[in-house]
Amino acid sequence: MGMLVTVAVVAVMLMEVGTLWSSVLQRERELELLARGNEIRRAIGLYYGAGTTYPKSLEDLVLDRRQPTTRRYLRKAYDDPLTGTADWGVVEGPGETIMGVFSKATGTPFKQGNFAVINQGFTGQGSYQGWVFLHGSGQSNPEVPIRPHGDQPDP
């Protein structure tokens, strides 16, 4: 009988440790999303500043061939740390360009406040899709059309 109680207690403790570990991993992914999203936002700003047009894809931020010398604003096209894929949602700019990105991950963020000034609009968001990394004014929560990366715009 004592052995069954011990096994039950150990099982409950392992379940709690698993839940805690899952929370820790999710918080790390959120921090990585903030870092990568801000890096992409910065790269979009540099790309725009070099030629007053927005990139057509994230790959344009890796290799900008508009100038006589190739420029790199990102070392690589980052994957979304929450989904593990390169399938970001995008904020459309003029002419099917990209002004910003957001994660298409579902779920509610653990982080709800205490953001850096540039990310203040993320405070209280109920979804990761509300964390929009947009270049330009009104950077946090734009009133512009957004579409998943790779989807075709409506005719």
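## Close-up views of the predicted model

**View 1. Glu39 and Arg42 sit three residues apart in helix H1, about one turn of the helix.** Helices here are DSSP runs of H or I with at least four residues, strands are E runs of at least two, and both are numbered from the N terminus. This is a predicted model, so to speak: local features need pLDDT of at least 70, side-chain atom pairs count only at pLDDT 80 or more, and totals for chains, interfaces and linings use all residues. Residues are numbered from 1 along each chain as its sequence is written, and side-chain values use heavy atoms, with hydrogens and water left out. The side chains of Glu39 and Arg42 meet in a salt bridge, 2.6 Å from N to O; that term takes a side-chain nitrogen of Lys or Arg within 4 Å of a carboxyl oxygen of Asp or Glu. Glu39 is partly exposed at 27% relative accessibility, and Arg42 is partly exposed too, at 37%. (Buried is under 20% relative accessible area, exposed is over 50%, and partly exposed is in between, using a 1.4 Å probe and protein chains only.)

View 2. Glu32 is partly exposed, with a relative accessible area of 34%. A search of the whole structure turns up four salt bridges.

**View 3. Arg66 forms a salt bridge with Asp64.** The closest N and O atoms are 2.8 Å apart. Arg66 is partly exposed at 31%, whereas Asp64 is buried at 1%.

**View 4. Met1, Leu4, Val5, Val9 and Met13 make a nonpolar surface patch of about 580 Å².** Patches use residues with over 30% relative accessible area and no salt bridge, joining like charges within 9 Å and nonpolar side chains (Val, Leu, Ile, Met, Phe, Trp, Tyr) within 5 Å. Areas come from the Shrake-Rupley method with a 1.4 Å probe, and for residues only the protein chains shown count as cover. Leu4 lies in H1 and is exposed, at 62%.

**View 5. Strand S2 pairs with S1 and with S3.** Two strands pair if DSSP finds at least two bridges between them. S1 (residues 89-93) runs antiparallel to S2 and is joined to S2 by five bridges; Val90 has Val101 as its bridge partner. Three residues separate the strands in this hairpin, where Gly95 takes a positive phi near 70 degrees. S3 (residues 133-134) is also antiparallel to S2, over two bridges, with Gly100 opposite Leu134. Six of the six residues of S2 (residues 97-102) are buried, so the strand is largely enclosed by the rest of the structure.

**View 6. Ser103 sits in the loop between S2 and S3.** Ser103 is buried, at 0% relative accessibility. A polar contact of 2.5 Å joins the side chains of Ser103 and Asp80. (That means N or O atoms within 3.5 Å; within protein, one must be able to donate a hydrogen and the other to accept it, and residues adjacent in sequence count only if both atoms are side-chain atoms.) The Ser103 side chain also reaches the backbone nitrogen of Ala105 at 3.1 Å. Leaving aside neighbours within four places in sequence, Ser103 is in contact with residues including Leu33, Trp88 and Tyr128, where contact means heavy atoms within 4.5 Å.
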